[in-house]
Amino acid sequence: MQRIALCLLALMVAAASGCKPLASTTGLQLPSERIYYPRLPDQPRYQFLASFSDTAAWAGKSETSFSQFIAGTSKQESPKTKIVNPYGIAVGDGKLYICDIGVNAVHVVDFAGNRSYLLGSPKTLVRPGSITIAPDGTRYVCDIGLRKVAVFDSQDRFVKYLGDPERCAPADVAVYRDELYVVDAMGGRIEVWSKAGELKRTIAQAGRGPDQFQRPGSVAIDPDGLIYVTDVIGSAIKVFDQGGKMVRELATAGDTPGSLARPKGLRIDAANGLVYVADPHFDTVQVFNFEGQVMLFIREQNNLPQGMISPTWIAMDTSCLPYFKKYIASDFQVEYLLFVSNEFGKNKIGVYAFGKGPARRPTTQPGSTRPAALGPAVRP
């Protein structure tokens with residue numbers, strides 16, 4: 001599959017073609033005009049807000065974490081604020097967590113506290129790859145260096161490790177009811193653990209069959225308990241029921257809109273029936289419904305504030321809305337924020353608002369309530 005094929009099959013993002021970043025002393029990259037998706041005159045469902053590559057852009061001060069203080073970190077030492085190679089991200093309680101495999105740390109931007117710090121310490125986290133925030137506030141960090149899941153409480157204090165590194169290489173975690181669904185990237189399966197870390201059962205196995213994984217990457221669970229998993233090497237999103245039976249493939253390999261190449265981060269908007277997936281091979285974030293129809297996909301020129309290079313992970317949140325309100329158009333009815341991590345390029349974290357913009361005129365698909373498909377911009 002060639003990147004050029006997808007580009008030729010899609011439309012340029014005309015609304016952003018002349019956009020230049022505003023000068024910013026805070027480290028934020030802001031568009032010079034409102035950027036919407038789908039492009040006008042269709043009714044907007046997403047608004048691009050800002051991008052940044054340094055946690056200092058949002059924090060008045062940076063400091064060491066409580067764990068670092070206990071570990072004896074010198075007061076003269078300041079945590080790194082530059083985001084190098086972000087991978088997994090999560091948002092909750094007014095905080096953004098960024099797993100940075102470039103510096104082997106988890107950046108925390110505390111919007112409410114106007115500060116930034118590092119989660120844990122080098123003694124507790126070796127190479128954090130992804131992070132999940134459970135409904136009870138527990139943070140689960142998949143450490144690909146330790147091959148364990150590091151558990152932190154709602155106050156970001158380290159609690160314990162879960163997992164057997166001889167059996168499982170955790171890449172992502174989804175929390176459903178009282179169980180943890182853990183992606184075993186090297187074992188090619190999903191392990192289901194109790195919250196104490198006890199292995200209860202497994203789902204799927206390694207292989208090239210339709211109900212197998214070549215390399216699972218990310219997992220999410222919908223309100224009905226269906227389990228959505230990206231297969232990074234198999235170029236697919238596969239859906240299983242709670243019994244471990246494969247229900248369907250949501251998307252498969254290809255180079256046209258709605259198909260995948262190297263899907264990684266996966267998250268679900270249950271209220272609107274949407275599935276988000278980041279595909280770094282195409283520099284694209286695609287949005288599907290639960291039936292597998294592509295609703296919209298976003299890809300932008302990398303020299304723009306909204307540009308994407310190797311998007312890897314996605315997070316959704318409402319707790320941080322007050323801190324982005326001034327960037328949201330007054331006539332845009334926002335429901336939540338969408339955060340996207342880009343492993344490379346100058347825009348490490350992109351922030352979007354999801355909701356409804358003002359109606360313009362009937363969409364190109366009369367009678368359809370779904371967002372119209374949006375083609376990616378060709379790289380210069």
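**Reading strands and aromatic pairs in a predicted model**

Me: How many bridges join strand 9 to strand 10, and which residue is the bridge partner of T132?

Reply: Strand 9 is joined to strand 10 (residues 139-143) by 5 bridges, and the two run antiparallel. T132 has Y140 in strand 10 as its bridge partner.

Me: Which residue lies over the face of Y161?

Reply: The residue is K148, at 5.2 Å from the ring centre of Y161.

Me: What does the secondary structure of the whole protein come to, and what share of its residues count as buried?

Reply: The protein has 3 helices and 27 strands. Of its 380 residues, 57% count as buried. As for contacts between residues at least 6 apart in sequence, 53% join residues at least 24 apart.

Me: Is strand 17 buried or exposed?

Reply: The cut-off needed here is that buried means under 20% relative accessible area. In strand 17 (residues 216-221), 6 of the 6 residues are buried, so this strand is largely enclosed by the rest of the structure.

Me: How does strand 17 pair with strand 18, and what stands opposite V219?

Reply: The two strands pair in the antiparallel sense over 4 bridges, and V219 stands opposite V229 in strand 18. Together they form a hairpin with 5 residues between the strands. Within the turn, G225 has a positive phi of about 90 degrees.

Me: Which aromatic pair does Y228 form, and how many aromatic pairs are there by this rule?

Reply: The reading rests on two values, the distance between ring centres and the angle between ring planes; planes under 30 degrees apart count as stacked, over 60 as edge-to-face and the rest as tilted. The count comes to 19 aromatic pairs. Y228 pairs with F290 in a tilted arrangement, with 5.9 Å centre to centre and 40 degrees between the planes. This pair links distant parts of the chain, 62 residues apart: Y228 belongs to strand 18 (residues 227-231), and F290 to the loop between strand 23 (284-289) and strand 24 (294-298). Y228 is buried at a relative accessible area of 0%, and F290 is buried at 17%.

Me: What is the geometry of the pair formed by Y336 and F354?

Reply: Y336 and F354 are stacked, with 4.8 Å centre to centre and 20 degrees between the planes. Y336 lies in strand 26 (residues 333-342) and F354 in strand 27 (residues 349-356), so the pair ties together parts that are 18 residues apart in sequence. Y336 counts as buried at 7% relative accessibility, and F354 is buried with a relative accessible area of 1%.

Notes. Residues are numbered from 1 along each chain as its sequence is written. This is a predicted model: local features need pLDDT of at least 70, side-chain atom pairs count only at pLDDT 80 or more; totals for chains, interfaces and linings use all residues. Side-chain values use heavy atoms; hydrogens and water are left out. Two strands pair if DSSP finds at least two bridges between them. Buried means under 20% relative accessible area, exposed over 50%, partly exposed in between (1.4 Å probe, protein chains only). Contact means heavy atoms within 4.5 Å. Rings of Phe, Tyr and Trp (its six-membered ring) pair if their centres lie within 6.5 Å; planes under 30 degrees apart count as stacked, over 60 as edge-to-face and the rest as tilted. A charge sits over a ring if NZ of Lys or CZ of Arg is within 6 Å of the ring centre and within 35 degrees of the ring normal.
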